[in-house]
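These are my notebook entries on what I looked up in the structure, written out for a reader who is new to such work. I begin with a pair of rings and then turn to helices.

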Amino acid sequence: MKCVYQLMLMVLGCVVGSGVSFSQAKLQSGDYPIQPVLFNAVHLQDDFWARRIKTNHEVTIPFTLEKCKSTGRIKNFEIAAGLKTGTFCTEFTFDDTDVYKIIEGASYSLQIFKDPVLELKVDSLIDVIGKAQEPDGYIYTNRTIMGSNSHEWAGARRWEKEEILSHELYNIGHLIEAAVAHYHATGKATLLNIAVKAADLVCEDFGPGKLHTYSGHQIVELAMAKLYKVTGKKKYLDAGKFILDARGPGGEPYNQAHKKVVDQHEAVGHSVRAAYMYAGMADIAALTNDSLYIKAIDDIWEDAVFKKIYVTGGIGSTGNGEAFGAAYELPNMSAYNETCASIANVYWNYRQFLLHGDSKYYDVLERTLYNAFLSGVSLTGDRFFYPNPLESHGQHERSPWFSCACCPSNVTRFVPSIGGYFYAQKDNAIYVNLFAGSTAELMVNTNKIKLEQKTNYPWSGKVQILVTPQASADAEIKIRIPGWAIDKPIPGDLYSFKEKSVEQPKISVNGKVFSYKLDKGYAGVRKKWRKGDVIDINFPMPVHRVKGNDKIVSDRNKYAYQRGPLVYCAEWPDNSGKKVLNLFIPEDATVNAVYDSTLLKGVYVLQSQGQASARTSASTTNSAKVPVKLIPYYAWAHRGAGEMVVWIPKDASATQPLPAPSIASSSKISASYNKLTLKALNDQMEPKSSSDHSIMYYHWWPKKDTTHWVQYDFEKAETISSSKVYWYDDGPYGGCRIPAGWRLLYKKGEAWIPVDPKAPYTIVKDQYAEVSFEAIITTALRLEVTLPKEHSSGIMEWSVQH
């Protein structure tokens, strides 16, 4: 069935003609110089995005709604409304937002698919939410239910811990976003009235001479800008700006409160909070003509894109605070790249484009959209990633849900809004920013112009645009020439292509070659358009080797592979020995793109001749020729847990060879606390330090102040007399420390007997702790660990010697 998608521009809360009085609000301030296209103007009809939007409607929205019901998120509202009895059902104070975000996504989806059943569910939820709201507009189910026994994050009084952990304003921000979307989609003001009541309370409590408090987790700022655009009430815009200006100095970089927002010029802290804030600053800057805001976010954008973004477009390199790391700190296996951060990154870059009209922002947006974001949701629509690493030893699997479920619910609202990024308009200029089979109707002055795209993008770079004006019309169609098509994978020098393209993009109009000069990355075709006019574009799609800046330690002597907008990876099911971390592809090897209709719902794969390395001893490595197959990064982890790698070495020196035969490497591993990362113990990867996140490690987190063990069961009885272990310790901001104590026990019959050490056990960091003991003959060895009182512990490598 053909899926027809109506473009949703509620992403920006744009005013649209829904026929309800709010939509006619007259703005008292400025706006973006470039405007999005109206939400009902575009219909996606392709096999790439339309299929995903359909899956989101038929699978993801019902699935996440059921999860909100089964986990108690909906029950929280019912209890707060007095419809049920009980205590707060869930773990976090921000769990209300999952319900709001799913309503937002459902509202978008109802514009695409007629679904009375879903609409009734949404109406019923809104009714409950309204009853859960307190008389003065306050809405926060944890406090309403628990009163003086509220969650420790909430504090004893309203707003008391807002700057830290309460998430009260965050909850209201997502309520407003859902309300604006629902109002635009249905014309009903039921949820909007609830949101307005909550926003009125914010305006009453926050401001000059009132609470001088900023949001601990940003989003209310951009939500207030949306509400202003719907209602025309400037107090909402003023409140959003006040909450932004209340930040810093003296707060934490973690939530961007270390400086005033206009004094921030680097991307720091929690990446989702950050990008939501930058997007909110862009909205408010556009509406208030604030040049200092624009200067700040321009500088921050350059810092993020030139020094801190992954080749997939992901942001937030470290799990320590889910945050931006230092410049060029871009580890692959431990890359965090939260799915929510990718969504926020799209929001931010879209607004940067609307401010400046430069395609470089779309180069980042498209890279993020097709890679870092799309990896976050399965092809089936019911499995998700929270972090999106660029390397896996098999320890990563998609999950149907998380206790902190921000990513699944965020996916539900983002997927149906994707079409909102395809077009934009300024006066009589139409921006064509993304490419997919679609039709769009736009008004240029008083003339309607229909654009129809015919393309198999992202698999093919051939795009045809049929232009049909209602009457002959003067207009400029500005076609974005993607950076990857002209050998600029991303703005700045963080990543570059090894080889230059032989062909450059070509444009023809009505069959005649059109010569163009790029203006901010766009090829402008200006003419009087008539019915039957055709623009043909060809973006050649060779396979590119992508080189990382030499300052990115993790990517040295390696290449990523890209075709069109898609970044590729090697995954275990497609390669020799079900392993990929030991592979390398020589620089002179040919890499071919081949379409496989049977794989992962149809993808282009990359094929080459590479080599696989294996240790034959502790100091010797051999390599053997093997075929190598790469798949699009977004499609990994659909066929079970196993190895995956994006950055593929160009020679054996940067590989992770198969381990040499040893007592440990041939042993079966078990533990008191089983995890997929147990395989780290005997992979023979040498740590650089106890906090080396470039290789796999095993840990007992969140266990603490208890005794645990790991165990090797040998293939046969072995005579052993020494062992060494390298402890994992992630430093002052992490949860793991070197253990309080440890010892070895060997199996004798059915009993476990402590070894007799020749010297006391040592506990050291950043080096092996070794122990020698009287030789024993055994079939199994157990390492017993006493965890610290306030922390957990972990192991990076454990070896056993004769």
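I looked up Tyr 431 and found that it is buried, with a relative accessible area of 7%; buried means under 20% relative accessible area, exposed over 50% and partly exposed in between, with a 1.4 Å probe and protein chains only. Tyr 522 also counts as buried, at 0% relative accessibility.

I noted that this is a predicted model, in which local features need pLDDT of at least 70 and side-chain atom pairs count only at pLDDT 80 or more, while totals for chains, interfaces and linings use all residues. Residues are numbered from 1 along each chain as its sequence is written, and side-chain values use heavy atoms, with hydrogens and water left out.

I then searched the whole structure for aromatic pairs and found 43, where rings of Phe, Tyr and Trp (its six-membered ring) pair if their centres lie within 6.5 Å, and planes under 30 degrees apart count as stacked, over 60 as edge-to-face and the rest as tilted. Tyr 431 and Tyr 522 form an edge-to-face pair, 5.1 Å centre to centre and with 85 degrees between the planes. Because Tyr 431 lies in strand β6 (residues 429-432) and Tyr 522 in strand β15 (residues 522-529), the pair ties together parts that are 91 residues apart in sequence; strands (E, at least two residues) and helices (H or I, at least four) are DSSP runs, numbered from the N terminus.

I also looked for charges over rings, which requires NZ of Lys or CZ of Arg within 6 Å of the ring centre and within 35 degrees of the ring normal. Arg 158 lies over the face of Tyr 138, at 4.1 Å from the ring centre, and Arg 782 lies over the face of Trp 752, at 4.3 Å.

Next I turned to helix α4 (residues 116-132), whose 17 residues should span 24 Å at 1.5 Å a residue, and whose end C-alpha atoms are 24 Å apart, which agrees; the expected span is 1.5 Å times one less than the number of residues. The buried residues of α4 include Leu 118, Val 122 and Ile 129. Seen down the axis of α4, its buried residues fall within an arc of 165 degrees, so they line one face of the helix; the arc is that of the directions from the helix axis to the C-beta atoms. The face turned away from this buried side carries the exposed residues Pro 116, Val 117 and Leu 120.

Finally I looked up helix α10, where 17 of the 18 residues are buried, so α10 is largely enclosed by the rest of the structure. Asn 289 follows α10, and its phi is positive, near 55 degrees.
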